[in-house]
Amino acid sequence: MLPNATIRDILRMYRNGEVSEDEAAGALEGLRIEVIDGMARIDAGRSVRCGMPEVVLAEGKDPLAFANIMLAQVKAAGRCIATRVSPEHLEALRARLPPEVRMEHREAARAVILSTGKRPAPRGGTVAILTAGTSDIPVAEEARLIAEEMGCEVRTAYDVGVAGIHRLFSALRDLIPADVFVVAAGREGTLPAIVAGLVDRPVIGVPVSTGYGYMGAGEAALASMLQACSVLAVVNIDSGFTAGAFAAQIALGGGRA
């Protein structure tokens, strides 16, 4: 069964004879909730309902509890993702990893992927991701990971912010064919509004918690994006996951492809 297959995908595959009735029924049964250690409730059917994977936020979780949740999720879905992963979380996961499960650490995105061999199938759609500076790259890479997991092609251009705005124009040349743009920026957060004034595609601004002093930690960037005179959508501070998933939904035509 395809990872992140939607109900439409499953019905289409059954109609075309690509999967059996039992396989289709088993995939649809993924709408169930799995309870882990009487504590976590894993949404094993998110990919079926929403076309996006269940993602575990590692931040704030006990490393042992985190490892148990991840192993239960990969057993149920064949593939799972965690964001905001610390060295302690990685250590707990490696210590309990069964031989049939492969672990991929995406250090730049502060994320980890567990898989039993399943890979996301290309579903079409292109997402462009830009950052104002290099400090914004971890948030951008989180967005990239999620968009790729949802089957999109992702193109990137990093460190093209307003301190050297001439860098942006050559970078945009390769990104113009994209269906949607994700733009991450900290400090004063100007770049998303500029990009939105230059392209004829949806733009999602991601304020990043870089900056210091008055309205630091992403607050000035968030306020700037919310007050932009060009048309763009804005997610919360450092919300790379939300931006990547939303961008992928747009690029995929709202899941109706």
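Helix 6 (residues 137-149) has 13 residues and spans 18 Å from its first C-alpha to its last, close to the 18 Å expected at 1.5 Å a residue; the expected span is 1.5 Å times one less than the number of residues. Helices (H or I, at least four residues) and strands (E, at least two) are DSSP runs numbered from the N terminus. The model is predicted: local features need pLDDT of at least 70, side-chain atom pairs count only at pLDDT 80 or more, and totals for chains, interfaces and linings use all residues. Residues are numbered from 1 along each chain as its sequence is written, and side-chain values use heavy atoms, with hydrogens and water left out.

Among the buried residues of helix 6 are V139, A140, A143, I146 and A147, where buried means under 20% relative accessible area, exposed over 50%, and partly exposed in between (1.4 Å probe, protein chains only). An α-helix has 3.6 residues a turn, so residues three or four places apart point the same way. Just after helix 6, G151 takes a positive phi of about 95°.

Leaving aside neighbours within four places in sequence, T131 is in contact (heavy atoms within 4.5 Å) with residues including I137, A140, D159, A184 and L191. A polar atom of the T131 side chain also lies 3.0 Å from the backbone nitrogen of D159.

Strand 6 (residues 111-115) comes next. Strand 6 is mostly covered, with 5 of its 5 residues buried. A111, I113 and S115 point one way from the strand, while V112 and L114 point the other way. Strand 6 runs antiparallel to strand 4 (residues 79-83), and 5 bridges join the two; strands pair if DSSP finds at least two bridges between them. Within this pairing, I81 has I113 as its bridge partner. Another 5 bridges join strand 6 to strand 5 (residues 102-106), again antiparallel, and here M103 stands opposite L114. Strands 5 and 6 form a hairpin with 4 residues between them, and R110 in the turn has a positive phi of about 55°.

Finally, the whole chain can be considered. The protein chain holds 10 helices and 11 strands, and buried residues make up 49% of its 257 residues. Of the contacts with a separation of 6 or more, 64% are between residues 24 or more positions apart.

How values were computed: Polar contact = N/O pair within 3.5 Å; in protein donor to acceptor, adjacent residues only side chain to side chain.
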